[in-house]
Every structure is written in C-alpha cells, then in structure tokens.
Amino acid sequence: MRRLFTAGAVLLALAGLAPAAAAAPDIKTELQRIPGLTVVSEDPAPAGYRFFKLTYTQPADHRHPEAGTFQQRFTLLHRDFAAPTVAYTSGYNVGSTPNRSEPTQIVDGNQLSMEYRYFAPSRPEPENWAKQLTIWQAAADEHRAVQAFKAIYPGKWLATGGSKGGMTATYFRRFFPDDVDATIPYVAPNDVIDPVDVYNRFLSRVGNDPACRAALKAIQRDALKRRDELGAIAAADAAQRGLTFSIVGSADKSLEISVIDSYFAFWQYQKQSDCATVPAPGAPAADVYAWYEKVESLNTYSDQDLAPYIPYYYQAAVQLGSPEAYDGYLRDLLRYPGADQPKTFVPSSIRLPRFDYLAMPDIDFWVKSRGTRLLFVYGSNDPWGAEPFELGFGSRDSYRYYVQGGNHGSKIAQLAPAEAAAATATVRRWAGLPPVSALTARSAPAGFPDFDADLTPRARL
C-alpha cells in the first residue's frame, strides 16, 4: 500500500523505535492527488463504504490528445484500499446512487463506475462522432481511468458490465489486455456479421411453449389491425407528456416499430410465466395498451425517449451491428417496412460513416484466440444471447454459463447451484481471494438495493 508510514514514522523506525500505529490514508485526500480528477461530491453510503461522484479529464480523441478534452463522469464506491477493485460500466450513463455489481458483491470490493463517452453530460465539444465515438476510444477512456486509480488501489482488478456494458468490458480487455486481471461480461451480444440472421432463428423457437410464441404474434397482428384505436390512446398519452416524433418521422411509425419490437422485448425482459398475461386478440384497447406499456411502450420512439440513447444507436449503425427485425409474419400489415434499424433512430443532423465490418470480427477473433480469464453469463431465453461470445482454440481459463430460462437480467446467482458455486469461486480466485459458497441474495450488506444493470427497451442493449 502507498504511504504506510509518515515521515515521522520513518524517523522513528530509523531510530529503532516502532510507532504506535500508522494512520490509514483518507480516500478523499488520495482522490484529490490524481491529476485531472475532480471530487464533485461525497454522498451518503451504506455503513462501511464511502461514495463519491467524480469527473475525470479525458482527451476527446486519444489518438490526438491536442484536440481538446472533456469531463467524463465516474462514481467510486470505496470499501478498503487493500480490497479488489471492479471497473464497472453499463455502456450508458453512470448511476447516481451507491450500488454494487454482482462481481463487486462476490469479491466484496471497491467499485469504479464510469459513464460511456457521448452519453450526456460526458460529451466532447465540439462533437466529432466519427472520430470520437468508437469502441477503441471508449476502451482508451477506461484504460486511462484504471491506470490512474491503480495509484490508490494496487490490488487485483476486475472489469464487468451488463449488456452493452458487457460488450464494453470485453472490448476494453481486447485493446488493453493487461489492465485488469479478469473480465466478467453479462448478457453481451457478439454481433459478428452473419449471412444468416441468427436472431430470427433464435426468436422462432425461443422458450418451450409454442402457444406463447403464437399468442405474442397474434396480439402483434391485432395491434396493427387496430392501430388507429391504439394510436389514439398513444396520442393522448404523448400529448399529456409532451412527446414528439421528429426523429423517426411520425407517431404512427413509432407505434409500428414498437409493435414489431414487442416480441423481442417480451423475451428480453419478461419470464416464461408471463406468457399468461398476453392479451387475446380483440381484448379491450385499454387492456392491450396497458400490456404494451409493460412490454414495449407504443411511444418508445419519441424524440424525448430516444435522445439519451442516440449514442448507442449511432454505434449500432456504424460498428456494433444489430439484429434484423423479426417481422416476416407482419409484412402484410406494415406501412414502414425496413424502418426497424439503428439509422432510423439517429437524427439526420448526425452523419453516419460507412459501417465498420472489421470491428466485431476483430473482437470475436481475439476472444477465441487470446482471451484469458473471461467469464460470460447469458440467459437461455434472452434474444441478445442469440449470437454470444464463443470461446475458442486460444481461450485460456475462460468460461461461459447460461441461466436456464433466464432473460436479459441473468446473473451468476441465478445459475444452477453447482454452476453458481463454480463461477463464484472462479471470480474470487481471479481476485486473489479464497472460495466461498455460491453468492445468494442474503450476501448483500444492509443499505444496498438489489443491483439493476440499467435495463432498457428492446432496441437498446
């Protein structure tokens, strides 16, 4: 650890006298020593922890540091200087309250959480989307931050995230493989370009109840046939909330895309048991609308709801890739065929460069050929796991687990007991800790809410 002895203690030691005790450093003081880091506030935290909101000065373009900087938001949940530290990102905005990701709970460690660049307010000015918003630039953000915080936390480091955050954690490790000791991505898609859409194949047989799939498709067709009736309810809701639809083009287009997405969204967020809640065709419009509000709001693609997530749609359109719309059985009812794709959700004022067909295959090849100490967690019913990361000939000390019947919120604690125990032991081993019994809900200390990895509507990871 840094500065275990004060200057006075060193003099006492040289004189052959031992100090009574060495004062532990203060975390806030240590944070203030990091160049470019600003402590915005220290907020209340559960007993035994301290929680800070931070900003860190980052280059707008890591390849050209002279091109300006921006302030990136972070939070720090501090427990102990000697504890393992987890670098966490959702791939979107950073949370504003103290919370612990599952790996942080498993290792009982510190957690450094970061906001992904271009998610407001962590955005450079002036903006240069094509040069500044790439998976490499975001990985370089995390690299600089982790290296800076290693001055405070010299122990083991893990990287994690869920969904887009799980992808981000994987990309970070690919570009900076030695920054952390291990990576635990949750429900992370691996959208390598495939001539056959694996998502549609997955969706055609997801779950173990053909009747549920049929019911979902039936209510979609019913909604499109009754779009004027449902659209009137959606319009009233939009007017009350002040929603507009200039990005996608119209409220009717938003409604149609939402109906298409609802099948994907159901399996992404709901449980198999929720099949019983699907309305029958002809059900009262208010009941159908209420069901869509739970699964995929018919106003999901308003300008106001889209605005915070435009950086995601931009990246999906230029590097990440996205599923093809699962809508073949709806084609005769569609007014806007082909609209359900990322570029629809990016304002026309933002220029989209050509899609980078090398970005995802590069990541995929690295995981298979050189990936070390990776632990992927997926849900067997989650459509975003239709094209998962595959371990390959060069993967070392790496694992992939599936929560049976799990959705986009799948966790290690939801695995079968033997698998949960094995995965928990692996994470602790990577953190330099002895094994313990499998993580359970009872292991969270008082004061922390259940962790929720920023789950968002279907078209967003």
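Strand β6, helix α6 (residues 164-175) and strand β7 make a right-handed β-α-β unit. Right-handed here means that, with the strands pointing away from the viewer, the path from the first strand over the helix to the second runs clockwise. Helices (H or I, at least four residues) and strands (E, at least two) are DSSP runs, numbered from the N terminus.

This is a predicted model, where local features need pLDDT of at least 70, side-chain atom pairs count only at pLDDT 80 or more, and totals for chains, interfaces and linings use all residues. Residues are numbered from 1 along each chain as its sequence is written, and side-chain values use heavy atoms, with hydrogens and water left out.

Now the pairing, which requires at least two DSSP bridges between two strands. β6 runs parallel to β7 (residues 182-186), with five bridges, and L158 stands opposite A182. β6 is also parallel to β4 (residues 85-88), through four bridges; there, W157 is the bridge partner of T85.

Is β6 buried or exposed? Six of its six residues, 157-162, are buried, so the strand is largely enclosed by the rest of the structure. Buried means under 20% relative accessible area, exposed over 50%, and partly exposed in between, using a 1.4 Å probe and protein chains only. W157, A159 and G161 cover one side, and L158, T160 and G162 the other.

Next, two helices. The axes of α8 (residues 210-225) and α10 (residues 251-269) lie 9 Å apart, at an angle of about 165°. Axes are lines fitted to C-alpha atoms, for helices over the stretch in contact, and angles run from 0 to 180 degrees between N-to-C directions. α8 and α10 are therefore roughly antiparallel; under 35 degrees counts as roughly parallel, over 145 as roughly antiparallel, 65 to 115 as roughly perpendicular, and the rest as oblique.
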